[in-house]
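Dear colleague,

Please find below the structure that I am handing over to you. A summary of the findings follows it.

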Amino acid sequence: MNVPLSTYLAGIKQPLERLVEILAKDFPYVSILSTDSTGMRYSVRKRAVDARQSSWCERGSVIRVFDGRRYLEYSFNELEEDSLNDIEPLAGTIRERFRKSAAVGGKLPFAVPELPLICEQPLSETWQGKVGILPEAVPVEQTIGRLSRLKDRAFELSEHLVEIEVRFEHMRVSKLFVSGKRELEQSYIWAQGYLIPVLRRDETIREMFASCAGLKGLELIDEMEAGLSETMTIGVQLLDAERIEPDEYEVILSPKIAGLLAHESFGHGVEMDMFVKGRAKAAEYLGKAVASPMVGLRDGARAAEQTGSFWFDDEGVLGGDTLVIEEGVFRTGISDLISALRLGISPTGNGKRESFERKAYSRMTNTFFTAGTDSLEDMTASIEYGYLLEEYLSGMEDPKNWGIQGQILYAREIRDGKLTGKLVSPLFMFGYVPEVLGSVSMVSAEVQQFGSGMCGKGHKEYVKNSSGGPYIKTRMRLG
Amino acid sequence: MMIKRLQELLAGVPDISAWKIIDRRIQGQELYLTHREVDMQRSKDVRRIFLTVYRDFQEEGKKYRGSVVVQVHPTYCAGEIRALVERSLDSARYLRNRHYPLVQPGSETAAMPESSFAARPLEEWLSPLAETIYAQEGAAEARINSAELFLSRIDTRIVNSIGLDVSYRSYSGYLELIAEDGGKAEDGGKAGDGRKAENGRKVHAGAAAGEVELYRELSFSEFESGLLASEVRDQLRYCGDRAAAGATPHLKRFPVLITGDPVPDFFGYYLTQSAAESVYSGISTAKVGESIQGDEVRGDRLTLALEPFLKNSPASAPVDTDGFALRTAGVVDAGRLERYWGPLRFCHYLGVPPTGAIGNVTVSPGSKSLEGLRQEPHLEVVYFSDFITEPLTGDFGGEIRLAYYTDPDGRRRPVTGGSVSGNIRDVQPQMYFSRETQSRAGFRGPRAVLLPQISVSGAAAT
């Protein structure tokens, strides 16, 4: 079924158009992004059940203006009913706020560079996503009941289970973008589920983590149910996991870890606001080889159907499908609108905000390595001593110095071309991006996408996105 | 007005057993700088209202309290709020949580100390803050690549259905600062061109050469120009050292001194272990009166407390999010767990006095000076890519962006790349804290912690 559009956004569309019209008398460019995103998060544990609105919920607006030299923004979320009938007073307040901001900027002991004016092509369109089971259409009792049964089943599966969190979260994202030339509206749903068991045997305590996500509704709980048994099996195996001997190894990255590598290496590394700041090493490598010829990497809101998908970004630019690395050669980066203006290039539809309250940056959407032709069996058979890295907890980028860090939950030992059954946990993978990508020697044929994580810029500005890839064989340092 | 309307609406809802409202008005100013140019200025004026509805019910003689937390956006009309409340109450009756009380009104609440930012309008602080930051350029060869400066004034009010009504004003400052250095590689190489480490092996992850940068974030709630200047100068100096750093040697197991930002994260393990919620859920087995640091402590013993007010900490508050009046609470004394800490709900479940959810942590200084801790060969890590402590298992580690290696001959030199990893339960019998202290967002305690013989993976290939 179609995801319903926001009735709130429909109700404020005309007043916002009028607001843009009024402010356009003072500013050469005016745009407004308004959001109305709702959803719930349910968490079932052994002795506690919680329900709360998702922390991704938001309803508010951000206005961007160009004052002939620079872009200024103002975020707000109070809009009196009177304002909707007579938008002039609100326009006056906003005008005064921008005047104050410009005055403050003028007193700063810094230069204010003159930026070009945003030029948009006219477009007016509305998009609605599809969903299997609309979460709000099902009684909450059923949803909580299914999650509770998962929790109970988990305790039946292992005597070592101390606690488990079964978490399900769904969001309906609705956005409206209005400028002098554009009127865009979209509504879509994503959902994510987590199974986080904690197991203890004597003094050993381990936490397992499994997740799933997609542009889905309640049907995602089917995937959680299907994954429980394997999650618990691995959780029990983790109780016997050992520490790895730090060294460089031949490794196979699972599609999840490949996604982490894509994200931290050439995802963050090609966000083009970093090019503007001179923070991206990749800027020196446009058109040059940065990886093995087997490596291809794409990013784009329309490049895959996952939690990083949308029709237009938070600056009113249509979502794209960008070929970042082609046969090992760095082709282009991903850009927000203002960075593109400064660099004299076309934006790629990667301008994203944490919420209406925050600035737009160049951000990843769905980022993934493209498929190869090898099989996992052949890849495993080709390794004398190494590891299959399966699940991660977090990662960190270093776009200037091309380092990557990944916190890996567990890896499986490979000896003489076979998995030995031995697990190591936890461990770190790290490396120098061109060496890791340059060492890629085998790539499997099937690409998988994962969208349960979130991505920060540095340590803030969290947004939803997805990452993935095929199985990839390379060399990395593990410790 | 909005809160009054909401209270009136809630009063007419039949199945509601109790409710709580947290109302925050946030005014913010943001300045984005690249080198010495203004990238963008932003401001915001937003209101976040969180409503918790509680529904009590009984099953098989047991009393339960289900609760649902929702955000009531200021633009919600009465019909939307009513529908939201009804949906939430419907959900609440399926949340079988043991009953617990709301915070009673009447407790004496300490006054929130006034921030120096209260003296002027927010926007007028951007210039002195930015000037203080950029005035430090020149103290080292490194310079500032970019800075993002956020300053917010937050008015919080917490109201509940049994008459609690508390308010306070706080300030929150945040700086993201990127320092960069053009590099001074010994062999004139550039990043990524395969420099040789001192042992002649090929350099891997992060071995510095050419241009480097260092990322830092700072949180604050006061205009303390001296402290801000000192933090920026340190970062510029460290960035210069990273540019000159060699590859971290493969030390296998080696004493590691962690300093600065990772120290509060490290102690976070003990907060999780002593939290009433962790004990209630069974993931912590810590017992009051027993050692939380293991049986045979040969190093420094941990003393940890929670403080509602810590100077320059945005986490300072007179009450927690339930409106519970906060007081200083000693949690660990000389390695022995004194009490569980936590919000009213989980302390009530355990039958222990609540401390409330307090945002600031203090750890008592240790027995040795920094110089004393540096006497033996060690690796002193001052910057990680992202130091991670798993508060449940005690696993910790991270990739090294800058460390100082003191070798067996007593020579100290900057190194980069590689990683450290270990488990707190393995190191806690023999860890030492510095006598010198530091103040970070929400933390006051030792500047450094010396960990015995943990795994150090080098940046050089074998």
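In what order do the six strands of the open sheet in chain B stand? The model is a predicted one, and in it the order is β11-β10-β9-β12-β20-β19, with mixed pairing. The edges are taken by β11 (336-337) and β19 (437-440) of chain B; each has a single partner strand, so one side of each lacks a neighbour in the sheet. Within this sheet, β12 (residues 360-363) and β20 (residues 443-446) of chain B run parallel and are joined by two bridges. Val361(B) has Phe443(B) as its bridge partner in β20(B).

Regarding chain A, the domain assignment gives domain 1 (7-37 + 55-122), domain 2 (128-238) and domain 3 (247-478). The centres of domain 1 and domain 3 of chain A, taken over C-alpha atoms, are 35 Å apart. Their contact involves 14 residues of domain 1 of chain A and ten residues of domain 3 of chain A. On the domain 1 side, β1 (29-44), β3 (58-66) and β4 (71-76) of chain A each contribute at least two residues, and β3(A) provides the largest share, with four residues. By class, that side of domain 1 comprises six nonpolar, five polar and three charged residues.

The two chains also meet: 73 residues of chain A are in contact with 65 residues of chain B. The chain A side of this contact consists of 31 nonpolar, 16 polar and 26 charged residues. Strand pairing also links the chains, as β4(A) pairs with β2 (residues 37-59) of chain B in the parallel sense over five bridges. In that pairing, Leu72(A) has Gln41(B) as its bridge partner in β2(B).

Helix α2 (residues 78-92) of chain B may also be of interest to you. The 15 residues of α2(B) span 21 Å from the first C-alpha to the last, close to the 21 Å expected at 1.5 Å a residue. The buried residues of α2(B) are Ile81(B), Leu84(B), Val85(B), Ser88(B), Leu89(B), Ser91(B) and Ala92(B). These residues lie on the same side of α2(B) because they cover an arc of only 155° around the axis. In general, an α-helix has 3.6 residues a turn, so residues three or four places apart point the same way. Gly79(B) and Ala83(B) are exposed, on the face of α2(B) turned away from its buried side. The buried residues of α2(B) pack against elements of both chains: β2 (49-53) and α4 (140-157) of chain A, and α1 (2-11), β2 and β3 (62-71) of chain B.

Yours sincerely

Key:
Residues numbered from 1 in each chain as written. Chains lettered and ligands numbered in written order. Predicted model: local features only at pLDDT ≥ 70, side-chain atom pairs only at ≥ 80, totals over all residues. Domains from an automatic or database assignment. Contact = placed C-beta atoms within 7 Å. Nonpolar A, V, L, I, M, F, W, Y, C, P; charged D, E, K, R; others polar. Pairing = 2+ DSSP bridges. Expected span 1.5 Å × (residues − 1). Buried ≥ 20, exposed ≤ 12 C-beta atoms within 10 Å, placed from the backbone. Arc of directions from axis to C-beta.
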